[in-house]
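Please walk me through this structure in the viewer. Tell me what to select at each stop and what I will find there.

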Amino acid sequence: MSSQAQQSPALLGVGILGAGPVTQAIHLPSLARLGDILEVRHIMDVDPAVAESVAGRVGARFSTSMDELLADPAVDIVAICSPHQFHAPQVIAACRAGKKAVLCEKPFAMNGEEAAAISAVSAETRVPIIVGAMHTFDPGWLAAEEAWGGLPEQVHTVRSSIVLPPNPRFEDFATEIVGRVPVPGRDSNDPEALKAMLTGGVMGLAIHDLPLVRRFTPDFAAVEVLHAETVSPFGYVISLRAGDVTIELRAAMNGTWEPCWTFEAIGDDASLDIDFTPSYVHAGSATARIRTAGRTVTLGPFGHNGYEGEWRKLAELAGGTGQPPSAETLIHDLEFALAIAEAAAGRVDAGAPHDAAAEQEVNA
Amino acid sequence: MSTQLSVYADAQAEATGAVSAVVASLPLSLAPAPFAPDGAGAPDIVAVAGHAGWTDRASTAIRNGAKGVVVSAPVAEGPAGLASVADAAAAVVVLDLHWAGNVALASTSKNVHGVIAGALKDAVLVDSVAIAAPGADPLRPLTDQLAVLVQCGMDVHNLRMVQRNGNVYTVAGVLAGGAPVALQGILTSALPATASVSILTTAGRADVVLPDPAAAWPAEVRAVTADGATTLPTLYESSHRTSWSRVHSHISSGTAANDLAQFTAVMALLNQLTS
């Protein structure tokens with residue numbers, strides 16, 4: 001099935017597995033900004049109508065089969081944007097298909113075993129993999145990382161605070177969505193629903209910031225969830241400790257029109273705070289501030305966000321330049337997120353007073 | 001014409017409450033008293049430092065004839081005895097609280113309290129962060145932070161300490177309507193010593209940022225509703241000066257201050273943490 005015109009040999013070809021709102025509202029608009037280096041050549045979705053419609057927007061072939069996409073020689077880079085449970089097998093298949101680079105939407109696996117299997121295949125095939133934790137590719141974050149000097153050694157408190165309108169408010173200003181699935185209703189008294197909200201909140205929302213949190217928590221493996229509860233209609237308050245570092249995670253997806261996404265890392269006499277732009281829309285990079293008493297260094301904003309940063313990185317890697325994140329980093333990021341999600345949900349079973357601990361898939 | 005009242009501050013009260021600078025900024029209302037508080041001709045108002053024992057020191061000042069006392073940065077201490085002494089003498093006790101004493105939260109700031117009350121009716125989450133300089137007792141900001149909640153009119157229940165160490169504390173609670181309340185205190189010199197309160201609602205938020213009283217930085221009050229965002233007018237007055245204006249006003253008009261009742265509510269919240 002094809003509707004693609006002539007493809008340019010100078011461009012790297014992109015194939016996307018899964019053509020839902022994330023592909024439509026995040027990746028295609030990002031790729032449209034990078035038409036001088038990347039070209040979408042193949043879209044796969046299990047819903048043929050969605051696959052055809054989305055592929056038609058960008059003049060790409062479409063299919064309903066992963067194998068067909070992976071067998072397409074025009075595809076150099078594979079992006080995996082399917083439901084979470086398919087991520088690991090599809091990453092492995094893409095590596096084995098000999099592609100030049102793989103982007104896996106977060107989370108890139110559902111457990112440590114899957115992550116280890118991905119790591120082994122990546123090492124064997126030498127196909128670089130990056131995970132779509134977009135804040136780690138945001139130029140504002142990267143500029144802060146270059147400038148913060150010895151900050152991580154003194155940080156004792158980390159805060160991630162996310163206030164977002166419902167996703168359609170941004171999706172609909174990034175693209176015109178087809179095939180949107182309505183968000184199911186939630187019973188706030190059902191322990192399973194509470195667990196699902198906490199797990200989904202960590203794996204779908206907090207996960208954007210957890211690799212950032214981990215940069216300031218050398219004892220991440222010792223993470224303990226001390227408190228977890230849900231926020232209506234969707235959100236969480238989670239308090240953690242990892243070694244000597246206190247971590248506070250807050251999120252609320254309410255009906256506001258004003259997004260506010262901040263990350264803070266605070267030490268005795270230096271701190272970092274970052275304001276991230278909202279998901280989906282291309283509203284430029286984060287703005288970072290590194291503060292000491294009486295002195296503030298501001299970095300950014302820059303002209304593109306972390307989603308575009310991901311694709312720029314993929315183009316580098318597929319072109320044989322740049323350094324991919326180590327498999328160990330990806331595995332540790334995943335283990336950190338999974339440990340927090342599991343322990344947060346466990347607070348529901350623990351029956352802690354006023355605490356709340358099938359995952360609810362949430363993306364931002 | 002303002003009635004000028006005399007003021008006495010010992011060295012500790014002066015250091016804690018910047019009393020001389022405040023008195024100098026209210027020259028028609030206040031003047032330094034040239035004599036000691038326990039001598040003949042007691043000063044009208046005595047400044048009391050808020051370290052442990054402040055309720056006794058304030059009671060003594062009232063018994064010695066002061067019409068009013070201003071207590072700077074009071075630590076957690078039951079005020080019932082002082083309230084009895086003050087009531088019996090018809091004396092005014094004003095607490096110069098670090099953040100809660102800011103003019104933005106004064107009972108006269110109807111617009112601010114209207115924004116806060118409106119947000120609390122529809123709250124889904126209250127998130128508050130207090131910043132203090134390192135080296136202090138890490139729990140020292142907690143009393144001041146709870147005083148802010150009380151001054152905001154929040155009805156908080158089930159407060160419990162989630163974690164604490166030498167740099168930070170985290171406290172969890174719940175509003176009467178069930179929305180979570182998350183409090184954090186952080187010791188750092190990298191950030192201004194502010195207290196913030198963010199009330200997230202179903203369709204917006206209200207944010208109050210209260211400054212360090214070391215200077216007349218204004219508080220920031222901002223509301224977001226479906227109709228847009230509103231920043232309320234700011235006033236450049238430290239909580240120290242606001243407190244001294246209040247004590248003068250109460251003494252001059254013969255009205256009672258409710259500071260000790262409010263502090264009793266703060267103590268009740270602290271007791272939730274220790275019970």
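Two strands pair if DSSP finds at least two bridges between them. Keep that in mind for a sheet visited later on the tour. The model on screen is predicted.

**Stop 1: confidence**

Colour the model by pLDDT. Start with chain A. Its mean pLDDT is 90, and 92% of its residues reach 70 or more. Now select residues 353–360 of chain A. Here the pLDDT is below 50. Even so, this stretch has 35 contacts in the model beyond near neighbours in sequence. Switch to chain B. The mean pLDDT there is 95, with 97% of residues at 70 or more. The model as a whole scores ipTM 0.94 and pTM 0.93.

**Stop 2: the two domains of chain A**

Select residues 12–131 of chain A: that is domain 1. Domain 2 of chain A takes in 138–304 and 322–349. Give each domain its own colour. Their centres, taken over C-alpha atoms, are separated by 24 Å. Where they touch, domain 1 of chain A contributes 27 residues and domain 2 of chain A contributes 20.

Look at the domain 1 side. Which elements of chain A give two or more residues to it? They are α1 (21–32), α2 (48–58), α5 and β6 (129–131). By class, this side of domain 1 of chain A has 17 nonpolar, 7 polar and 3 charged residues.

**Stop 3: a helix pair in chain A**

Select helix α4 (residues 87–96) and helix α5 (residues 112–125) of chain A. Their axes come within 9 Å and cross at roughly 10°. Angles under 35 degrees count as roughly parallel, so α4(A) is roughly parallel to α5(A).

Show the side chains at the contact. From α4(A), pick A:Ala88, A:Val91, A:Ile92, A:Cys95 and A:Arg96. From α5(A), pick A:Glu114, A:Ala117, A:Ile118, A:Val121, A:Ser122 and A:Thr125. The residues of this contact divide into 7 nonpolar, 2 polar and 2 charged.

**Stop 4: backbone details in chain A**

Go to A:Lys106 and A:Pro107. A cis peptide bond joins them, with omega about -10°. A:Pro107 is in the loop between β5 (101–104) and α5 of chain A.

Next, select A:Arg126. This residue lies in the loop between α5 and β6 of chain A.

Then jump to A:Gly300 and A:Pro301. A cis peptide bond joins this pair too, with omega about 5°. A:Pro301 is in the loop between β14 (295–299) and α11 (306–318) of chain A.

**Stop 5: where the chains meet**

Show both chains. How many residues of chain A are in contact with chain B? There are 31, and they meet 28 residues of chain B. Stay on the chain A side and select its strands. β7 (155–164), β8 (224–230), β9 (235–242), β10 (245–253), β11 (260–267), β12 (270–276) and β13 (287–292) of chain A each supply at least two residues. This side of chain A has 9 nonpolar, 14 polar and 8 charged residues.

**Stop 6: the two domains of chain B**

Domain 1 of chain B covers 5–99 and 239–274, while domain 2 of chain B covers 103–231. The centres of these domains, over C-alpha atoms, are separated by 24 Å. The contact takes 15 residues from domain 1 of chain B and 17 from domain 2 of chain B.

On the domain 1 side, select α7 (239–253) and α8 (259–274) of chain B. Each supplies at least two residues. The largest share, 7 residues, comes from α8(B). This side of domain 1 of chain B divides into 9 nonpolar, 6 polar and no charged residues.

**Stop 7: the sheet in chain B**

In chain B, select the open sheet of 5 strands, with order β2-β1-β3-β4-β5 and parallel pairing. Find the edge strands of chain B: β2 (30–32) and β5 (92–96), each pairing on one side only. Neighbouring strands are turned by 30° against each other on average, direction ignored.

Finish on one pair. Strand β1 (residues 5–9) of chain B and β2(B) pair in the parallel sense over 3 bridges. Zoom in on B:Ser6. Opposite this residue, in β2(B), stands B:Ala31.

Notes:
Residues numbered from 1 in each chain as written. Chains lettered and ligands numbered in written order. Predicted model: local features only at pLDDT ≥ 70, side-chain atom pairs only at ≥ 80, totals over all residues. Axes fitted to C-alpha atoms, helices over the stretch in contact; angles between N-to-C directions. Helix = DSSP H or I, 4+ residues; strand = E, 2+ residues; numbered from the N terminus. Parallel < 35°, antiparallel > 145°, perpendicular 65-115°, else oblique. Contact = placed C-beta atoms within 7 Å. Nonpolar A, V, L, I, M, F, W, Y, C, P; charged D, E, K, R; others polar. Domains from an automatic or database assignment. pLDDT = per-residue confidence, 0-100.
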